[in-house]
Every structure is written in C-alpha cells, then in structure tokens.
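Subject: Structure handover

Hello,

Here is the structure I promised you. Please open it beside this email and follow along.

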Amino acid sequence: MTTTSTSPVAQSPEKKSPGGLRVGVQKVGSFLSGMIMPIIPALIAWGIITAVIVNVDEFTEGTAATDAFGEIIGPMIHYLLPILIAVQGGKMIYDIRGAVVGATATFGVIVGSDFLIAQANAALPEGVDDINEIHMFIGAMIMGPLAAWVIKRLDALWEGKIKAGFEMLVNMFSAGITAFLMAVVGFFALAPIVNGLMDVLGGAVRFLVDNGLLPLTSIIIEPAKVFFLNNAINHGVLTPLGIAEAAVEGKSILFLLEANPGPGFGVLMAFTVFGVGAARATAPGAALIQFAGGIHEVYFPYVLMKPALLLAVIGGGATGVATNVLFDAGLRAPAAPGSIFAVLIQTASDSYLGVTLSVILSAAVSFTIAAFILLASRKRDLQGEDSFSDAVARTEAAKGKSSAALAGLAAQAASGEAAGRINSIIFACDAGMGSSAMGASVLRKKIADAGIEGVTVTNKAVASLPGDTDLVITQQQLTDRARGQEPQAIHVSVDSFMDAPEYEEVVELVRRSAEVGSAQPIAVGAGPAEEVSAPASAQPEASGILSRDRVRIHAGSVTRDEAMAEAAAALEAAGAVTGEYLAAMHQREETVSTFMGNELAIPHGTHEAKDAIRASALSVARYDDGVDWGGQRATFVVGIAGVGEEHLQILSRIARLFADKQAVQRLKDAATEDELLELLSVVDEG
C-alpha cells in the first residue's frame, strides 16, 4: 500500500508551501525522470551494441556484416534515442497526439543543430579538429513536451466548434501543421540555444575534470539525493552530457556521479553494526534493497535521522568519483536503477577495476565516517526515543509522494508500536462528487463487512479537506495537493477508486488502529449533509435519473473524447445540463482520470461546473470494443450530473454494482438495451 504518514516533527515551511522552490525542483526533476527512465532499455541496448562492435573490432578483424551492423550505433544515439525521449515527453503532456507532434517537431532541433555545427566546422582553419555533433537529448526534453502543450492548447480552442463529419480532417491537419511549425521553431530558435547550453555545460565539466575538482560535485549531489532534488541534476544535465561523451569516448564518468551505490551502502552497514532500535533492525534489509535492487531512497531516512551523516555520504561519494578519475573509469550508458548489477553491466570493458574499487572505497569511507558519528552519539541514542519513524516520515515529506520502499520501512519500524485510532477517512477528488463518492461507497461497505464500527468514510473535493482527517485516499495525481491540505494525515494513493487493491490493506490498518484506540464510536456518514455520502437509508429517494433513452450499446469503439461527447449530449438532451458541461468534463479529465476500474469510466464536470447542472441524471453507454481511457480499457461510460446530493445514492449503488465482477460480466453479456437497463435498474431504485 502506498502511504505517507506525516507527523508534526516532519513539518517545515517548505512542506507547508507546496509551491516552494524545493517542490518546484522536485517536480521538474520528476518530469525529466519520467521522460528518461522509460527509454533506459533503449540506452542499454545502444550500450551493448557499442560494446559488442568495439570488442569485435579490437580483438578480431571483423566482417563486412559486423561492420554494416555497426552503422546502427550513430543513428541510434543521434536520432532514435532523442526521438524516444520526445515521444515520452509529448505523451506525458497530451497522450499519443502530443507524442506524435512532439517527436516530429524534435527533428527540427536535431537537423538545426547539425546545420550549425556543419557551418562552424567549415569555418575552422586547416588542421583543427572538427567539432563533434551534439545529440539533442536536452533539445528533445524541451521540444517534445512544448510541442505537445501547443497542440493541446490549440485543440482546446476549437473543441466542440467543428461541424460533424469534419473532425478527422481538422484533427489530422491541425496536428500536422503544428508539427511543421514547431519543427521550424526548433530549427531556427531552439537548436542554437541548446547548442550554446551544451557548450556551457560541457565547458564546466571539462573545467572540473582538468582541475581535479570533479569529486567536489558530491557536495551538491549527495545532499540533493537525500532531499529528492537529484533528478533535475542527473537527468537534466549529467545524463545528456554523459551520453554525448560516451558516444565519442565509449564511456563516461558522469554516469557514476549519482548512481554509485557505495555511499548509501556504507551508511546502512554502519547502522547495522553500530545503530540502535528500529534503525538497526531495519538497516540490513534496507542495505540489500539499496545495493542489489538499486532503490537508493531507502537509506535517506537514516541520513535524515542524523543530518551529520551527510558528511558520510559526501565523503563516500567524493571518494568514489576520485577513484574513477584516477583510473579513468566510466560506464557505457546510464545505470538505472543504481544497483551494483546495473553498474557492472554498463561498465566499459577497460573500467572494471576502477569502477569496482570506486564502489568498495566509497562504501568504506562512508561506513567509517558514519560509524564514528553513530558511536559518538550512541549513549544518547540508547537513552532517548527512537526517531527512526519520524525520519521515514520526513523522507517521504521531502520526496513529495508515496513510496512502497519507504512505506515498508515505516511498517517495520512501527511493528509493536501503538498507532493512533483512525476515526475518519476521506476520499478526495477534484470536484468531490462522482469518483470520490463511489470510492467512499466501496470502502464503507468493506469496513462494514469487516465488522468495524465507529469510522466515518466520506468524500470531498481536495480543496475542501478540513485539515483534521486521520486518513485521506486520493488518486495518484492528486496526492500532493491533498497532502498540502492534510499534512497530519496518512495518505493513500490509488490508481482507481473502484477496484483498488489498497482497500484491503486500508481495512486492516483501520482494524489494527481500532485495537489500540479508545475513541468514542462515530456513526458512519455523520457530518454536514452537503459534504457527506450518507447511508442509503438517510438519503433522498431517486426517481427517473436513468431512463431507456439514455442507455445505449455500441458494437464498436470510439475515442475517449467521443465517448465524453456522447455522454454530455445525452445529459443535455435530458435537460440535466447546459452545453457548457462538456468543457467541464474535459477540464476534469485533464486534472485526473475518471476511469474507476472494472472497465468503468464516469466522466463528470469539475466543482466549478455546478452552474451548468440543471437536474440529476445518468447516461450509460456500453462499447463492446472498449474505449482507451488514458491507457485503461473502459467498456462502460456512465455520464453523470447531480444536483445537491441526490446523485450520491446512485453513485453508491453504481459502485456496489461494478465492484462485483460477476455483475459486470452480466452487464457485458446483455444482448439488448432493454436487458441492460433491467440489469442497471438497481441504481435507480428509491
């Protein structure tokens, strides 16, 4: 279960200000990481191909076939890898449409850079080596998302204004023209900027190397790792520069500045030998995860527990870098994750001694410094309270999102300790209406089935969270916002509200908290009527919210936008919403997906769209070939509009219906719309 527990000890001005510099850098780094990490397999493949071809040429005469195959190396790094980055960046902004436009536009940056370098080489005097071409990794990281954002904004301008039958024509040509124009921008505007930036960054690295100062980068990188600020440095600067260097030299030391597992491993081994309490008990397992699995974040709580240990990881990191400089060692491609196995697999053929020693020596130095610090404070640690759980909380607060690895540490540290009673659970979504109401209904039933009493399970908009909730459940895209509203709460992130596997663990967490708590029982559903999904018996009866003319079966498939348009049109025809409701549906989808799980999507408007709602109504459409709903398959699309709380009972029943996989199958097997309506009648009973 991906959870975050935040305690008062973990609070800081930065934590209370989600828009602070630290969070901003984290978001930039996370976005860059999101573009780079998915293409790491392609980088690994390029590194392996390079190593194979180099070794064949070095130890044998090779053949015409191997020489021809070796021609793949240049195009892969110069075209394929940047385009893959642009595809991923564009997709993160605007799905496959953004990916296509972003990738196409990135070619303009690539050829623009090549043109500038060709001109510069032509102007060089005789005997001066040509300037190497620049591989547009940074250009792709900029142009891919930028072009996707542009086409997304343009599409929004004429959304709903295109005459029927011309949608495909407009969509195809608008994307193509945008890609062309952005390629022109890339060629003439972005390429010179990126070339200049690469010159500056490359010059800075050369200065550090030439003056023996590269180990000093650990003073920045190691603390940045602990506070999750390293992605912007690693993926924004080191990886592009390292790939450019590896393309020429066959390896780069830059790949090891951040990925070396030695410093963290040394700290964890020091805790294993000299630590106390929960930190010592959990350190051996954390060391295995960090060193072999490459999940470095598991050692961050141990450093935050004693900030003086930053000296240990800085010392270990600097030692590793100095060792690699001394042996002229490097990796062929990035090692991701930073596991010892990934590091060794990517090690250049002439660098195994240097890389291996860099890991061993960095671990030894960090262990020695950490051991001294732990021994100096051991007596005080034995007499005082164990602060490891608070350190885990501070680590997750610094990361800004949940982590299964850190949650595991917290669970180990908390074993045997009394937890506070969980009395209130809130499902939070953007509008506080459809999706969160359904999630609350599903969990409320599970808690009731488990025989647990005295727990409120309600739903609200993220912006309306009261600040005193025990546990908050949100979809992953909204967890950061919810944490800013509820800094004291336990936060659970789920992929979908309908069938999240985390619910079973939430029920068990509530059960354990009830065993140690003594709070007075609170009635399920208690609270202000406008904010709480009350039990069915306490809610007004629904009548005619779903009718035959709004139940449809389609043999084929449509796009997500087309399915939303059909749902909005059905609701508008029923007099339930105005024409502005479709735009509100799209705004809601941009914030967080309305895919609920179990093949169900429930598109609905944002909280601000209440003025567009005239009455409560539902529409149900079944698409037998499914609808691609942000990477998930939705067979059923339920459009919803609700006045006040009249729709909450209906949502509760939809949740119970679609939580039953056998019931979903019966809905899929319904041969006619009348039969489907009959099966759906349970959601429209008073």
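A helix axis here is a line fitted to the C-alpha atoms over the stretch in contact, and angles between axes are taken between N-to-C directions. Keep that in mind for the helix pair below. One caution before that: this is a predicted model.

**Two packed helices**

Two packed helices are described by the angle between their axes and the distance between the axes. Take H5 and helix H6 (residues 137–157). Their axes come within 9 Å and cross at roughly 30 degrees. Angles under 35 degrees count as roughly parallel. H5 and H6 are therefore roughly parallel to each other. The crossing of H5 past H6 is right-handed. Which classes of residue make up the contact of H5 with H6? There are 19 nonpolar, 7 polar and 3 charged residues.

**Two aspartates with positive phi**

Most residues other than glycine have a negative phi. Now look at Asp95. This residue is not a glycine, yet its phi is positive, near 55 degrees. Where does Asp95 sit? It lies in helix H5, which covers residues 73–122.

Next, go to Asp328. Its phi is positive too, at about 50 degrees, although Asp328 is not a glycine. Asp328 is in the loop between helix H14 (310–327) and helix H15 (340–346). With a relative accessible area of 53%, Asp328 is exposed. The cut-off for exposed is over 50%.

Now move on to strand S10, residues 632–641. How many of its 10 residues are buried? The count is 8, so S10 is largely enclosed by the rest of the structure. Buried means under 20% relative accessible area.

S10 pairs with strand S8 (residues 600–601). These two run parallel and are joined by 2 bridges. Find Leu600: the residue opposite it in S10 is Phe636.

S10 also pairs with strand S9 (residues 617–629). This pairing is antiparallel, with 9 bridges. Here Trp629 stands opposite Gln632 in S10. S9 and S10 form a hairpin with 2 residues between the strands. In that hairpin, Gly630 has a positive phi near 65 degrees.

Best wishes

Methods: Residues numbered from 1 in each chain as written. Predicted model: local features only at pLDDT ≥ 70, side-chain atom pairs only at ≥ 80, totals over all residues. Heavy atoms only, no water. Helix = DSSP H or I, 4+ residues; strand = E, 2+ residues; numbered from the N terminus. Buried < 20%, exposed > 50% of the residue type's maximum accessible area, 1.4 Å probe, protein only. Pairing = 2+ DSSP bridges. Axes fitted to C-alpha atoms, helices over the stretch in contact; angles between N-to-C directions. Parallel < 35°, antiparallel > 145°, perpendicular 65-115°, else oblique. Left-handed = near helix turned anticlockwise from the far one by under 90°. Nonpolar A, V, L, I, M, F, W, Y, C, P; charged D, E, K, R; others polar.
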